[in-house]
Structure formats: C-alpha cells, structure tokens
Amino acid sequence: MSSSGLRLTLNASIEHWPIDGTFTISRGSKREAIVVVVEISAEGIIGRGECLPYPRYAETPLATLAELDALGPIIDIDQALVSLTGKAARNALDCAYWDWQAKRTGITPHSRAGRRGPAEVLTCYTLSLDTPEAMAAKAASVANLPLLKLKLGRADDAARMRAVRASRPDARLIADANEGWLPSQLNELLAVAAETRFELIEQPLPVEADAALSSVAHPVPVCADEAAHDAATVAALVGRYDAVNIKLDKTGGLTHAIAMADAARRAGLRIMVGCMVATSLSMAPALVLAGDADWVDLDGPLLLSRDRANGLVIRNGLISPATPALWG
C-alpha cells in the first residue's frame, strides 16, 4: 500500500487483558495478555492495530512501545514501516494502516488484498497443557466446539492424546508441542497422533533440531511455527514440514503475512493462520487470510476473561466477520 508521503499522528500504549484462568504451554504459564495497541489518525479518521510482543522472539511490550514512541508523534507511514525492526511493532502499525485505509476509502481489507470475502470460519479452541485427565475433562466440557488444539510438550503426551480422543471421539484434533519433543520421540508420538486421528502436529522439535523431521515418516502432517517467520523463511521448511503457521506478530504485519502465504502455497505447503493470546483486534486482520487457509487458529478472545468492545462474535467455534467498529 503506497502512501505518497502521507503523514499521520501516532499513539501507542500498553494494555493488560486477563486470561480466563491460566494458559500453559511447554515453555511456561501466564495469566494475562500484555498487548501493544497503535492508533494512527489523519483527516479525522482513526486506524487501530494490536500486537503481542513474544519473549520467544526476544520482544517485550516495553521495548515494542519504546520503538514505536521513537518514531515520534507525527510519522511518514512508509518510512515508519520500513524503519521498524521489531516484528510486533511493525505488525501493530501495519494493521492500523490497513484499518485507516479501509475507513478512508471504503475498500475492505479483503478486497485490497485480493482475498476471498468475509465469511464465517471455524477456529481451533486451544486446550492448555495439563494432566491427561484434566485435558480430557476440559475437552468434554466444550462439546459444542468441533475443532480442538492440544498444547503438548511434556512427559505423558501419548496419554494426553489418547485421553482427549477418548473424551471427544467426535472432535477434529490438532496438537502443538511448542518445541517440546525430542528427535528420539518422534516416531512413537507421531504414531500415537495417527492412531488417535490427529490432523496436524505443530512444531514438535526445537528449531535447532528440526532437521530430524526430514528423515522420519510423517503419518500426520507436521506444521512449522517457531521455525517459520516470514516469506524469507519458507524455502528452508520444504522437506522438513508439511504446513506453516502464519502469525502476523511473526511476519511483521498483514502485508508481510500475505506475502508469506503466497510463498507457502508456491512451495507446496499447507497453511494455518494462527495467533498469540490477544484480543479481537489482533484476530481481525488475520481473518483476511483465513478464507484461504487449511486451518484457522484465531481463538485468542475465547481464552480471555473479557474481550474489547465490538469484539469478534464466535459461536460454536465459528468466527463471524469483523465489523468496521472493530477493524477494517
């Protein structure tokens, strides 16, 4: 999107959103989502974007806010987007600009991106890492949700997969180990995943050990997450992974996420559109890619104890299109 030297007023702030309980993955637990929100304005029009800086990628909310504040209160949008080095910071600003453009021109982000128009999409619902019994009970308690994603990455993962499958024989299942498996475990755990009818396993190995994926059978497709960031990282995934999880906070915005999705398709990889735990303002831009994805994992608002005003409507796992009052 060219701006022809367009100058906008920029404001950025940190917000805290409580999680409903505790969200646990193989790397640890948290009880709140700390997001950075960007607002840009000009011509009486305000555009908004949100990011969640993630320590796994050496980003923090305070550092992200500082990088955005250093741009100054009035920015040239093209120069600002090029100058930002933090992917989370660039994501929030890029998405705010997409929102501003949509409100200024009346052209929806889907149309501007050349993507399939808004429609309901089915999202995963994530089960936080816990004991096999607790995860099975949680799965049973959300019987209205047809697509579940299990957080794995500790001892007894085979028991977790079997327990959840026994609890929800009807459900579609995905698992995310968040780099928590060892190469020596791959054959056994992928076999259990196939036995229990999982559709996908995300990032089973640490990035530095994922070469082992090229030398084992994949009875269940394997998806890159921590190993995949933007379009430039796609080529290295071929031969190791079958799919890629595209998250706007990793790509550095919707603009770069679109480029990554196109690169993944050219490389023959399937696509998941994913998210960090954040509010509907983070999810809405990712919905631009959701219509062309094989899996959608935009359940962030469902994991919070409350969402922002005009948030996405999600019923029985189906996300309705965002309204302009939220984004776009």
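**View 1. A network of salt bridges links Lys-149, Lys-151, Asp-176, Glu-202 and Asp-297.** A salt bridge is taken here as a side-chain nitrogen of Lys or Arg within 4 Å of a carboxyl oxygen of Asp or Glu. Across the whole structure, 24 salt bridges are found. The model is predicted, so local features need pLDDT of at least 70 and side-chain atom pairs count only at pLDDT 80 or more, while totals for chains, interfaces and linings use all residues. Residues are numbered from 1 along each chain as its sequence is written, and side-chain values use heavy atoms, with hydrogens and water left out.

**View 2. Glu-15 and Arg-308 form a salt bridge through their side chains, at 2.8 Å from N to O.** Glu-15 belongs to strand β1 and Arg-308 to the loop between β13 (295–296) and β14 (314–315), so the pair ties together parts that are 293 residues apart in sequence. Strands (E, at least two residues) and helices (H or I, at least four) are DSSP runs, numbered from the N terminus. Glu-15 is partly exposed, with a relative accessible area of 22%, whereas Arg-308 is buried at 10%. Buried means under 20% relative accessible area, exposed over 50%, and partly exposed in between (1.4 Å probe, protein chains only).

**View 3. Within helix α3 (residues 87–105), Asp-99 and Lys-103 are four residues apart, a separation of about one helical turn.** Their side chains meet in a salt bridge of 2.3 Å, N to O. Asp-99 is buried, with a relative accessible area of 1%; Lys-103 is partly exposed at 33%.

**View 4. Asp-225 and Lys-247 form a salt bridge, with their closest N and O atoms 3.0 Å apart.** Asp-225 lies in the loop between β10 (222–224) and β11 (243–246), and Lys-247 in the loop between β11 and α8 (248–251), so the pair ties together parts that are 22 residues apart in sequence. Both Asp-225 and Lys-247 are buried.

**View 5. The largest pocket has a volume of about 500 Å³.** A pocket is an open set of points on a 1 Å grid where a 1.4 Å probe fits, with protein on both sides within 12 Å along at least five of seven lines; lining residues have an atom within 4 Å of a point. The volume is the space filled by probe spheres set on the points. Of the 31 lining residues, Phe-23, Ile-25, Lys-30, Leu-52 and Tyr-54 lie nearest the centre of the pocket. Two or more lining residues come from each of β1 (7–25), β2 (28–42) and β7 (147–151), and β2 gives the most, with five.
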